[in-house]
Amino acid sequence: MPRRQSSLPDKIAIDMTPMIDVVFQLISFFMFSLKVVSPEGDFDIRMPLAAAAAAAPDDQQVPPVRVKLSAAADGSLASITMNGNPLAGFDELHQQIMALVGTDTGPNSLAEKTEVEFDCDYSLKYANVVQAITAVSGRVRDGQIVELIRRIKFTPPKKPAG
Amino acid sequence: MAIRRAGAPTTTDIDMTPMIDVTFQLITFFLFIMNFSEAEQDDRIQLPLSQLAKPVEGLIEKPITLQLTNSGNVIYAGELVAVRDIGSYLEREKMAMRDSGREPNAATVIVRADGRAQAGEVQDIIRICQDKGFERFALRAQYDEGR
């Protein structure tokens, strides 16, 4: 039986133009919609309104550490005090907190029980508050975060008169 | 003078394979680098830096994001609102939460405040949220690798 010979050529030329068009469109879309996102993190604060009023003290409770941040006229940091004692800066605040709570940060430790109350001037730049929270919350050692105090609260805001 | 005839064929077959390979690599790169998360981020906010602000693991369930600008206004759901007016918006959030069987004290309010904003305004926001029954706050900062 005679075999039917194919009339098709050996190599079929596929038109790549539409595919390349679409692929370049895709690349352009991704390039233009690209937004470089910087990594962000949170400081978790639990501050119920009821706790602002005097809660019943118990034997386990450690008196809160009061950190006062005062602002200069331009909103920059003028002074820091911890329980009324003036400090040189955030590094000293961190050292004082370390000296107070020690290195034990496990469950039921002093670091877990201690609470820091921030009293900030209204006009103080918020970046200073975050620096102060960083100083009391922990430190980075060998690339790992060692947590210190997690219980943080703020005094009610005091809006300056006028 | 004799004209030299070109011996080349009329059509040249260009091998497209390497170009397509590279192009698909590029698409893959952009796909991976793209941020598909629904995190609310606004370019107007310059977050304060902190070396402890490492990216959070796991998503916060249905958070409310309040972004405080340098000028003391709040960006809430893409809208610019004065700090004193956010109470009514939060009231609406609270009602919506209660309708879905959740209490406001279970929700987290993410505060993305500009580092140049006044600390008192952040405290005002917290106080208004507290008045509406919210008690979990996440103060957002940008991770500082430099120190």
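Predicted model: local features only at pLDDT ≥ 70, side-chain atom pairs only at ≥ 80, totals over all residues.
Residues are numbered from 1 along each chain as its sequence is written, and chains are lettered from A in the order in which they are written. Local features need pLDDT of at least 70 and side-chain atom pairs count only at pLDDT 80 or more, whereas totals for chains, interfaces and linings use all residues, and side-chain values use heavy atoms, with hydrogens and water left out.

**View 1. The contact between chain B and chain A.** In this interface 54 residues of chain B are in contact with 49 residues of chain A, contact meaning heavy atoms within 4.5 Å. The buried area is about 4,700 Å², of which carbon and sulfur atoms give 64%; this is the accessible area (1.4 Å probe) that the two parts lose on being put together, summed over both. In chain B, the residues that lose the most area to chain A are B:Leu52, B:Gln123 and B:Leu139, together 16% of what that side buries.

**View 2. A salt bridge between B:Glu135 and A:Arg46.** The side chains of these two residues meet at 2.8 Å, N to O, where a salt bridge is a side-chain nitrogen of Lys or Arg within 4 Å of a carboxyl oxygen of Asp or Glu. Between chain B and chain A the count is four salt bridges.

View 3. Within S6(B), B:Ala138 is the bridge partner of A:Asp44.

Terms used: Pairing = 2+ DSSP bridges. Helix = DSSP H or I, 4+ residues; strand = E, 2+ residues; numbered from the N terminus.
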